[in-house]
Amino acid sequence: MPRRAKSAAILDSAERMARTVGFNAFSFRDVAEDIGIRSASVHYHFPTKTELGIALTRRFAERLMAELGDADDADVPPSALLDRYVAAFRQLVDEGAQTCLCTVLAAEIGSLPPELAAEVRSFFGQLHAWLTRVFVRMPAAAAEDSRGGAEVDAVLFQSAVQGGLLLAHARGSAAIYDIVAGAAKDRAGA
């Protein structure tokens, strides 16, 4: 297997494991067995589990942010951007009722190495910044209202979607996510 393909296979396996059993619950040996390589090969590509976790988090964030696109794109209405956000996370539900990699990591943040915890916080910060820019463009944002403005709307929307993911995962029901995400979009006026 070529080096780049092996690195991608390691990341794919580790992401599946982290999303299903948690980051702290799998080892390099588990990843190696899953893809049929030696444990030393995993260490060659990612010398420490912290480095593996950082690579996983960055790859996940890059994929998601690319899927979301530019929050300031004047050709895309804010409601369509919120639809993208909901759809991106809905896709995770469709992948076997799994949840967001960084949501799992956030649940384990107290036991993660500081460098990895910082990457997880950065991921959620990127999402919050993106959503805030979207909510600034929403018609309701024209006047600062009692809801607290774009910053608060972004936090509430992000919380609803992440919570919907966890509930869907815990209950094994994609319908739960759809209910929560739909209510969040309705509240946002999207």
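Glu115 lies in helix H7, where helices (H or I, at least four residues) and strands (E, at least two) are DSSP runs, numbered from the N terminus. The model is a predicted one, in which local features need pLDDT of at least 70 and side-chain atom pairs count only at pLDDT 80 or more, while totals for chains, interfaces and linings use all residues. Residues are numbered from 1 along each chain as its sequence is written, and side-chain values use heavy atoms, with hydrogens and water left out.

**Residues of helix H7**

- With a relative accessible area of 45%, Glu115 is partly exposed; buried means under 20% relative accessible area, exposed over 50%, and partly exposed in between, with a 1.4 Å probe and protein chains only.
- Leaving aside neighbours within four places in sequence, Glu115 is in contact with Thr50 and Ile54, contact meaning heavy atoms within 4.5 Å.
- Glu115 and Ile54 are 61 residues apart along the chain, and their C-alpha atoms are separated by 7.6 Å.
- His128 is also found in helix H7, and at 18% relative accessibility His128 counts as buried.
- When neighbours within four places in sequence are left aside, the contacts of His128 are Glu151, Ala154, Val155 and Gln158.

**The nonpolar core**

- The largest nonpolar core has 60 residues, and those with the most contacts inside it are Phe89 and Phe157; such a core is a set of buried Ala, Val, Leu, Ile, Met, Phe, Trp, Tyr and Cys residues joined through side-chain atoms within 4.5 Å.
- Among the elements that give two or more residues to this core are helix H1 (3-21), helix H2 (28-35), helix H4 (49-68), helix H5 (78-94), helix H7 (114-137) and helix H8 (149-171).
- Helix H7 gives the most to this core, with 10 residues.
- Not counting residues up to four places away in sequence, Phe157 touches Leu82, Tyr85, Val86, Leu131, Phe135, Ala184, Lys185 and Ala188.
- In soluble globular proteins, nonpolar side chains tend to be buried together.

**Packing of helix H5 with helix H7**

- H5 and H7 pack at an angle of about 150 degrees, with their axes 8 Å apart; the axes are lines fitted to C-alpha atoms, for helices over the stretch in contact, and angles run from 0 to 180 degrees between N-to-C directions.
- H5 and H7 are therefore roughly antiparallel to each other, given that angles under 35 degrees count as roughly parallel, over 145 as roughly antiparallel, 65 to 115 as roughly perpendicular and the rest as oblique.
- On the H5 side Pro78, Leu81, Leu82, Tyr85 and Phe89 take part, and they meet Leu127, Trp130, Leu131, Val134, Phe135 and Arg137 in H7.
- The residues of the contact of H5 with H7 comprise 10 nonpolar, no polar and 1 charged, where Ala, Val, Leu, Ile, Met, Phe, Trp, Tyr, Cys and Pro count as nonpolar, Asp, Glu, Lys and Arg as charged, and the others, Gly among them, as polar.

- The axes of H1 and H4 come within 10 Å and cross at roughly 90 degrees, which makes H1 roughly perpendicular to H4.
- From H1, Ala8, Ile10, Leu11, Asp12, Ala14 and Glu15 meet Leu52, Ala55, Leu56, Arg59, Phe60 and Arg63 in H4, and by class the contact of H1 with H4 has 8 nonpolar, no polar and 4 charged residues.
- H1 and H2 pack at an angle of about 115 degrees, with their axes 9 Å apart.
- In H1, Ala9, Ile10, Ser13, Ala14, Arg16 and Met17 meet Asp30, Val31, Asp34 and Ile35 in H2, and this contact of H1 with H2 has 6 nonpolar, 1 polar and 3 charged residues.

- Val31, found in helix H2, is buried, with a relative accessible area of 0%, and apart from neighbours within four places in sequence Val31 is in contact with Ile10, Ser13, Ala14, Met17, Phe26 and Val42.
- Arg63 has its place in helix H4 and counts as partly exposed at 39% relative accessibility.
- Ala150, found in helix H8, is buried, with a relative accessible area of 14%, and its contacts, leaving aside neighbours within four places in sequence, are Thr132, Phe135 and Val136.
- Ala150 and Leu166 are 16 residues apart in sequence and 24 Å apart in space, C-alpha to C-alpha.
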